[in-house]
Amino acid sequence: MSTLGPEGTDSEHQARKYFSEVRLFPTFAAAAEHAEKTEGYALIPAGYLDYRDGELADTWVDMHFRLLGRMRVMAVWESPTKTMCLAINRDRVPDRESIRTIALHPATAVFARKSHAAAEITYVSSKPLAVEAAANGLVDACIGSVDVVAKAALEPVDFFHPTMVWTLYGTEPRSAEAIHTAEVPPAPHQ
């Protein structure tokens, strides 16, 4: 099973629920490439967004279309993410009202817009990297998973409990006709 790292991502957490061997990659594209080459599986959330230099660079739907004919959707399911929070670096700001800069994964931007619409956003490729940026004093705050934030010198000031739609890709050599008539396996049980 291949998915997004570093350790602590929701993708890793979700993958470990169903697979004993999980390999982490710096991007979902690299995870999918590895899964294709090894005839394994790749777990990619439907909320996948990648921003580079402030611009939308990739999305789940783009990746899905690039994978057509090479990998197929084996299962899709909805599951809660790990609890997320807005966390502040008290060395930079005294309270949540003082937040001017926030690091976050693009898929979590809605949470920042709700409470800090004017804040300058730094996009990173995973929530653990957002936590790292805030812990290292590069930004005032971050949106991260509570378990990862707990290991950093940050203070959670708001909590979120979203769900995510997960897409499991795999390689199964099939004819075009077989793919169109095949049953998609049921979602993993929780």
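Modeller: V61, F65 and L68 form a nonpolar patch on the surface, with about 290 Å² of accessible area together. A patch takes residues with over 30% relative accessible area and no salt bridge (a Lys or Arg side-chain nitrogen within 4 Å of an Asp or Glu carboxyl oxygen), and nonpolar side chains are joined within 5 Å. Areas are Shrake-Rupley with a 1.4 Å probe, and only the protein chains shown count as cover.

Modeller: This is a predicted model: local features need pLDDT of at least 70, side-chain atom pairs 80 or more, while totals for chains, interfaces and linings use all residues. Numbering runs from 1 along each chain, and side-chain values use heavy atoms, without hydrogens or water.

Biologist: Where is L68 placed?

Modeller: In the loop between α3 (60-67) and β6 (72-80). Helices (H or I, at least four residues) and strands (E, at least two) are DSSP runs.

Biologist: Next, the sheet. What is the order of the five strands?

Modeller: β9-β8-β10-β7-β11, an open sheet with mixed pairing; strands pair if DSSP finds at least two bridges between them. β9 (120-123) and β11 (155-160) are the edge strands, each pairing on one side only.

Biologist: In what sense do β8 and β10 pair?

Modeller: Parallel, over two bridges. I102 has A141 in β10 as its bridge partner.

Biologist: Changing topic, how many aromatic pairs are there?

Modeller: Five, counting ring centres within 6.5 Å (planes under 30 degrees apart are stacked, over 60 edge-to-face, the rest tilted). Y18 and W77 are edge-to-face, because their planes are at 75°, with centres 5.4 Å apart.

Key: Patch = residues over 30% accessible without salt bridge, like charges linked within 9 Å, V, L, I, M, F, W, Y side chains within 5 Å. Phe/Tyr/Trp six-rings, centres within 6.5 Å; stacked < 30°, edge-to-face > 60°.
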